[in-house]
Amino acid sequence: MSALEPIEKSLDDLFVKNAPALPAGGKKMLVEWLPWLSLVFGLLSLWAAYGVWTWAHAASSLINYANTLSAAYGGPAVADVNRLSAGIWVGLAVLTIEALIYIAAFPGLRDRKKSGWNLLFYAALLNVVYGVVVLFTSYGGVGNLIGSLIGSAIGAYFLFQVRASYTGKKAASKKAA
């Protein structure tokens, strides 16, 4: 029994039993494309992590150059900020882990295994955790948290709509009104 099973059950109730269902054709198309979407998102996330790392190094180098130039002319430091702060390192770590999870989910999703679906579920949860963590950094804020929550909710909706294709169980039908 997984420690995340109660969360999975409550989200299943929210996104399957209490939310409008995707049409059967939409679910089928999503299940067919999900492995490839996961692979593409994983590769794009790795590329984004590399871009953030490059940007942070370039910004730090530029700030160091500006401070050196200012000191050479007797001025004060232009900026006292290191762009490779803890927030950047946490962001890079989360982005890289999410990318690796997306890539690792590909074989399981392709073979319609619950393990592939679970990896995408973990990535969605990791995105929420990242939204909370970045809330307390100088780069984040309430807007980042709200964006992370909205993005994770949308992703979870689609993920739970196709969950039955990976568990081998029929999707729970809504109660008749």
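Phe-15, Trp-117, Phe-121, Tyr-122, Tyr-157, Phe-158 and Phe-160 come together as one aromatic cluster in a predicted model, where local features need pLDDT of at least 70, side-chain atom pairs count only at pLDDT 80 or more, and totals for chains, interfaces and linings use all residues. Residues are numbered from 1 along each chain as its sequence is written, and side-chain values use heavy atoms, with hydrogens and water left out.

Across the whole structure, a search finds 10 aromatic pairs, a pair being two rings of Phe, Tyr or Trp (its six-membered ring) with centres within 6.5 Å, called stacked if the planes are under 30 degrees apart, edge-to-face if over 60 and tilted otherwise. The pair of Tyr-157 and Phe-158 is edge-to-face, because the ring centres lie 5.3 Å apart and the planes meet at 70°. Tyr-157 has a relative accessible area of 18% and is therefore buried, whereas Phe-158, at 35%, counts as partly exposed; buried means under 20%, exposed over 50% and partly exposed in between, with a 1.4 Å probe and protein chains only.

Helix H3 covers residues 86-110, helices being DSSP runs of H or I with at least four residues, numbered from the N terminus. The 25 residues of H3 should span 36 Å at 1.5 Å a residue, and its end C-alpha atoms are 36 Å apart, which agrees; the expected span is 1.5 Å times one less than the number of residues. Within H3, a kink of about 25° lies at Ala-104, shortly before the proline Pro-107, the bend being the angle between axes fitted to the seven residues ending there and the seven starting there. After H3 comes Arg-112, with a positive phi near 60°.

Methods: Helices (H or I, at least four residues) and strands (E, at least two) are DSSP runs, numbered from the N terminus.
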